[in-house]
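Dear colleague,

Please find below the structure that I am handing over to you.

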Amino acid sequence: MTLQKFDYLNRVVNAGVVSVVRGATKEVAYKTAEACILGGVKAIEVTFTAPHADQIIGELSEKYQNDSEVVIGAGTVLDPATARIAIIAGAQFIVSATFNSEVAKVCNLYAIPYVPGCMTPNDVQNALSYGADVIKLFPGSVVGQGMVSALHGPFPQANLMITGGVNLENMKDWFAKGAAVLGAGSNLTGAASKGDFEAVTEMAKKYRAEINQIQSK
C-alpha cells in the first residue's frame with residue numbers, strides 16, 4: 001500500500017529544491033518546467049499567476065507520470081476553489097504565500113500536501129494545527145536564515161521550505177540552519193523570460209549538483 005500524501009511529500013523533500021515556475025504565457029511556463037526537469041530539478045511548483053496554470057499542471061503530470069522522482073504542484077493557491085481546480089488538474093502538492101484554513105481542509109480531504117506561507121510563530125502554529133506537513137517560510141529574503149533555527153526552538157517538528165532569497169550560493173547555508181527543502185525562483189529560471197530554456201536547464205544542473213553534494217554529507 002502506498003500512502004499518496006506521504007509519497008508526494010517524500011518526492012518534494014527528496015528533491016531538495018522546488019522550482020517556482022512562472023511565465024507570461026502558458027508556453028513559457030511549460031517550457032520552463034520542462035527545462036528544470038531536464039536539468040534534474042524535478043519538483044515543480046506551477047504558480048497560478050501563469051496563464052492556464054491548471055492546463056500546464058495537467059500536461060506536465062501526464063507527460064511525467066512514469067517518472068517517480070517528478071512531482072508537480074500548484075503555487076499561489078489563495079482560495080479553496082483554486083485548490084480544487086489544481087487538484088483536479090493533477091497537482092500533487094499545493095503551495096501558497098499565505099495560510100488559508102479552507103484550502104487546508106480541501107487538501108486534507110484529497111490527501112494532497114499543503115505548504116502554506118508563514119512568516120511569524122503564530123502563522124506557523126496555526127498552519128501546523130490544520131495539518132500542514134511542510135511550512136513555507138516566506139519571504140526568506142526578509143525573515144533571514146536565523147529565523148529557521150529560531151522557529152525550531154518552539155516548533156522542532158516543523159518542516160520548513162524556504163522561498164524567496166534562495167540562490168545557488170546560499171543553499172548550503174539554509175540547509176545548515178535546518179531547512180527541509182528550498183524553493184527557487186528567478187535565480188533558477190530567470191533566463192526563461194528571454195526564451196533561453198537551455199540556460200535554465202544548465203542552471204538546474206548546477207542546482208542538482210549542489211543538492212547532491214549537500215545531501216551526501
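Helix 1 and helix 11 of this predicted model are roughly perpendicular to each other. The axes of helix 1 (residues 4-15) and helix 11 (residues 197-216) cross at roughly 100 degrees and come within 10 Å; angles of 65 to 115 degrees count as roughly perpendicular, so the label applies. On the side of helix 1, Val 13, Asn 14 and Ala 15 take part in the contact, and they meet Arg 208, Ile 211 and Gln 215 of helix 11. Of the residues in this contact, three are nonpolar, two are polar and one is charged.

Helix 2 (residues 26-39) may be considered next. Its 14 residues should span 20 Å at 1.5 Å a residue, and this agrees with its end C-alpha atoms, which are 20 Å apart. Among the buried residues of helix 2 are Ala 29, Tyr 30, Ala 33 and Ile 37. Which elements do the buried residues of helix 2 pack against? They pack against strand 1 (17-21), strand 2 (43-47), helix 3 (53-63), strand 3 (71-75), helix 10 (186-189) and helix 11. Just after helix 2, Gly 40 has a positive phi of about 105 degrees.

Cys 36 is also one of the buried residues of helix 2; its relative accessible area is 0%, and buried means under 20%. As for disulfides, a search of the whole structure finds zero. Cys 107 is in no disulfide, and the nearest cysteine sulfur, that of Cys 118, lies 13 Å away, whereas a disulfide requires sulfur atoms within 2.5 Å. Cys 107 counts as buried, at 0% relative accessibility.

Yours sincerely

Methods. Residues are numbered from 1 along each chain as its sequence is written. This is a predicted model: local features need pLDDT of at least 70, side-chain atom pairs count only at pLDDT 80 or more; totals for chains, interfaces and linings use all residues. Side-chain values use heavy atoms; hydrogens and water are left out. Buried means under 20% relative accessible area, exposed over 50%, partly exposed in between (1.4 Å probe, protein chains only). Axes are lines fitted to C-alpha atoms, for helices over the stretch in contact, and angles run from 0 to 180 degrees between N-to-C directions. Helices (H or I, at least four residues) and strands (E, at least two) are DSSP runs, numbered from the N terminus. Angles under 35 degrees count as roughly parallel, over 145 as roughly antiparallel, 65 to 115 as roughly perpendicular and the rest as oblique. Contact means heavy atoms within 4.5 Å. Ala, Val, Leu, Ile, Met, Phe, Trp, Tyr, Cys and Pro count as nonpolar, Asp, Glu, Lys and Arg as charged, and the others, Gly among them, as polar. The expected span of a helix is 1.5 Å times one less than its number of residues.
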